[in-house]
Every structure is written in C-alpha cells, then in structure tokens.
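Please look through the sequence and the structure below.

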Amino acid sequence: YAFTYKTGTLTVTNATITDVTLTGGSWTYNGAAHSATLTGTHTGDTVVYRTSTDGGEKWSDWSSDVPSVTHVSDGPMKVEVKVSRANYDDATASATIAVTKQAIELTADSKSWTYDGSAHTLHTYTRTGSGSFVGSEDIASATFDVASTITNVGRVDNTITGVTAKAGTDLNDYAFTYKTGTLTVTNATIT
C-alpha cells in the first residue's frame with residue numbers, strides 16, 4: 001500500500017456576545033452626573049463608548065470614559081457602547097440619557113395698605129411647591145410687572161415676570177412657574 005495523507009482544517013469562528021445591554025434614563029436635575037447602566041460584561045472585556053447629541057448624525061471618537069449628563073444642556077445624549085472579547089464578535093448596544101429641568105415655583109407676595117396717596121409695590125416672593133435649588137444655586141432677584149403697583153383703593157395682581165440667576169446657577173436647569181400675589185389698598189378713615 002502507498003499511503004498519501006492530505007491535511008484537513010479545523011476552524012473555530014467567533015461566537016456572539018448575547019448578554020450585553022445598555023440602559024439609559026432621564027433624571028431631574030440634581031447637580032449629579034448620570035450615566036447609562038452597562039450589564040453583561042466579563043473580566044477582560046474591552047469597553048469603549050461614543051456619544052451623539054444630535055440624534056446620531058455626528059458621533060464622538062470611541063473612548064473608555066463612561067459618558068454622563070449633569071445639566072439639561074448636556075443632552076439628550078445618545079450613547080453607544082462597543083464590547084470586545086477574545087474569540088467573540090464585538091457587541092454593541094445603545095441608549096439615551098438626559099437631564100430634565102427641576103421645577104421651581106415662585107409666588108409673588110401679597111400685601112394690603114390703608115389708602116395714604118402713595119404708590120405701593122412689593123417686589124418680594126416666596127418659594128412654593130416641592131422643587132428646590134441644588135446646593136448653593138439660587139436666583140439673585142425676581143423682576144415684577146410694571147403694572148404691579150397700586151395707589152388708590154382697589155386690588156391689582158403682583159406679578160413676577162422673570163428671574164436673574166445667582167452666580168454659578170444655570171437657569172436652563174430649572175423650569176420656573178410664577179404665581180401672582182395681590183396688592184390691595186383699603187379705604188382710609190376721615191379724621
């Protein structure tokens with residue numbers, strides 16, 4: 001017998017990573033950084049991210065830094081993750097993260113005077129509602145409608161028209177609601 005031997009080939013192809021998920025979310029502004037939650041990775045995996053804030057038209061470069069949003073203006077941010085593992089095809093997943101505005105309600109104060117011939121204004125307010133400023137953030141002042149003044153007997157609305165930020169406060173992180181107060185002048189007594 002004359003034996004001839006020909007080689008065969010044993011091939012192993014990449015497996016598929018099936019358990020990688022990226023979960024996004026939306027958080028009310030609280031001054032903290034928020035990021036998507038990645039699950040399904042193993043020790044030794046290489047994980048990189050890229051982001052887009054225009055709906056996926058333009059993307060950042062891949063980076064190992066975990067993307068996060070702190071301010072409303074940081075997002076909505078689309079985040080894509082790529083997980084690489086030896087002997088597996090790369091896995092990708094995406095999610096969106098965003099920060100929404102913290103609600104702040106301001107109510108203009110009310111006051112009553114007895115008629116004295118003077119024009120009366122009251123440019124003060126009370127913070128009402130459940131929202132609050134973060135840390136030392138706040139407003140420096142409120143602006144009132146020029147019609148929020150009263151001289152003669154009667155009633156007028158005391159109306160807030162806007163606010164000015166305290167240094168270090170980004171007003172875009174807050175959604176302001178203004179409630180009116182009432183300015184009243186009552187009859188004086190003829191003496």
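Phe3 is found in the segment before strand 1 (15–16), strands being DSSP runs of E with at least two residues, numbered from the N terminus. The model is a predicted one, in which local features need pLDDT of at least 70, side-chain atom pairs count only at pLDDT 80 or more, and totals for chains, interfaces and linings use all residues. Residues are numbered from 1 along each chain as its sequence is written, and side-chain values use heavy atoms, with hydrogens and water left out.

Phe3 counts as exposed because its relative accessibility is 61%; exposed means over 50% relative accessible area, buried under 20%, and partly exposed in between (1.4 Å probe, protein chains only). Together with Tyr1 and Tyr5, Phe3 makes a nonpolar surface patch of about 580 Å². Such a patch is made of residues with over 30% relative accessible area and no salt bridge, nonpolar side chains (Val, Leu, Ile, Met, Phe, Trp, Tyr) being joined within 5 Å.

The whole structure holds four salt bridges, each a side-chain nitrogen of Lys or Arg within 4 Å of a carboxyl oxygen of Asp or Glu. One of them joins Arg85 and Asp45, at 2.8 Å from N to O. Arg85 sits in the loop between strand 6 (77–84) and strand 7 (88–89), and Asp45, 40 residues apart from it, in the loop between strand 4 (37–39) and strand 5 (46–52). Both residues, Arg85 and Asp45, are buried.

Another salt bridge pairs Glu105 with Lys179, with 3.6 Å between the closest N and O atoms. Glu105 belongs to strand 9 (residues 102–108) and Lys179 to strand 15 (residues 174–179), so this pair ties together parts 74 residues apart in sequence. Lys179 counts as partly exposed because its relative accessibility is 42%.

Technical notes: Patch = residues over 30% accessible without salt bridge, like charges linked within 9 Å, V, L, I, M, F, W, Y side chains within 5 Å. Areas by Shrake-Rupley, 256 points an atom, 1.4 Å probe, with all protein chains shown as cover. Helix = DSSP H or I, 4+ residues; strand = E, 2+ residues; numbered from the N terminus.
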